[in-house]
Amino acid sequence: MAHEHSVWRPANAIATWFGVGLLPKAPGTWGSLAALPFAWLIAVYAGQLWLLAAAAVLFATGTAASQAYGRAKGVADSPEIVVDEVAGQWLTLTVVPPDVLLYAVGFVLFRIADIVKPWPASLVDRNMKNGIGVMLDDVVAAIYASVFLLAGLFVFGK
């Protein structure tokens, strides 16, 4: 049924981050990029703890939405699903204050970690073909990116 794939269905809207995942070429990068202004607004107006809380809520909602979208498409981790990148990007940025340079570095580090998928992200990606797997490998990538972001702050100062 065509309506199953409509971006206006709540699960589809969340899974594709309101259609961002439907953009041509590099949907994960688009998803991470689309996460930045939301992260900035949450961090500026509510603080890093609220950004962490928002990432946790998005993880839970994204898990259900990714599961539903993947089931409807017949592919557990369909490329259009980018809510995992949004949650991962937000999680990465919880360790730094809102700052253009720090957010740019956090964006790059998260994209590298998400693409490379260091262990155990690669293990999760290979073995968990469901909504939690879609979201969890990006959480692991975000943890790696956060550690490198904090290490960079320590080494280079800011």
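## Overall fold

Two residues are in contact when heavy atoms of one lie within 4.5 Å of heavy atoms of the other. In this predicted model, 71% of the contacts between residues at least 6 apart in sequence join residues at least 24 apart.

Along the principal axes, the C-alpha atoms fill a box of roughly 55 × 35 × 25 Å.

## Surface and charge

Of the 158 residues, 44% count as buried. The protein chain exposes about 8,100 Å², and carbon and sulfur atoms supply 74% of that area. There are 9 positive and 10 negative charges, and their mean positions are 3 Å apart.

## Nonpolar cores

The largest nonpolar core has 29 residues. Those with the most contacts inside this core are W17, L51, L58, W90, L93 and Y103. Two or more residues come from each of α2 (27–45), α3 (48–73), α4 (83–93), α5 (100–116) and α7 (131–156). Helix α3 gives the most, with 7 residues. A second, separate core has 6 residues, including L91, F110, A113 and A145.

Y103 is one of the residues with the most contacts inside the largest core. Not counting residues up to four places away in sequence, Y103 touches L36, A39, W40, A43, L51, L93, V96, P97 and P98.

## The enclosed helix α4

In α4, 11 of the 11 residues are buried, so this helix is largely enclosed by the rest of the structure. The buried residues are V83, D84, E85, V86, A87, G88, Q89, W90, L91, T92 and L93. What covers them includes α1 (10–15), α2, α3, α5 and α7.

Q89 is found in this helix. Its relative accessibility is 0%, so Q89 counts as buried. Leaving aside neighbours within four places in sequence, Q89 is in contact with S32, A35, L36, G106, F107 and F110.

V100 belongs to helix α5. With a relative accessibility of 64%, V100 counts as exposed, because the cut-off for exposed is over 50%. From V100 to I112 there are 12 residues in sequence, and the C-alpha atoms of the two are 18 Å apart in space.

## Backbone exceptions

Most residues other than glycine have a negative phi, and most peptide bonds are trans. The peptide bond from W119 to P120 is cis, with omega near 5°. P120 is found in the loop between α5 and α6 (121–127).

K117 is in the loop between α5 and α6, and its phi is near 55°, a positive value in a residue other than glycine. K117 has a relative accessible area of 18% and is buried, because buried means under 20%.

K25 also has a positive phi, near 65°. This lysine lies in the loop between α1 and α2. At 71% relative accessibility, K25 counts as exposed.

Methods. Residues numbered from 1 in each chain as written. Predicted model: local features only at pLDDT ≥ 70, side-chain atom pairs only at ≥ 80, totals over all residues. Heavy atoms only, no water. Buried < 20%, exposed > 50% of the residue type's maximum accessible area, 1.4 Å probe, protein only. Areas by Shrake-Rupley, 256 points an atom, 1.4 Å probe, with all protein chains shown as cover. Lys, Arg positive; Asp, Glu negative; His and termini not counted. Charge placed at Lys NZ, Arg CZ, Asp CG, Glu CD. Core = buried A, V, L, I, M, F, W, Y, C linked by side-chain atoms within 4.5 Å. Helix = DSSP H or I, 4+ residues; strand = E, 2+ residues; numbered from the N terminus.
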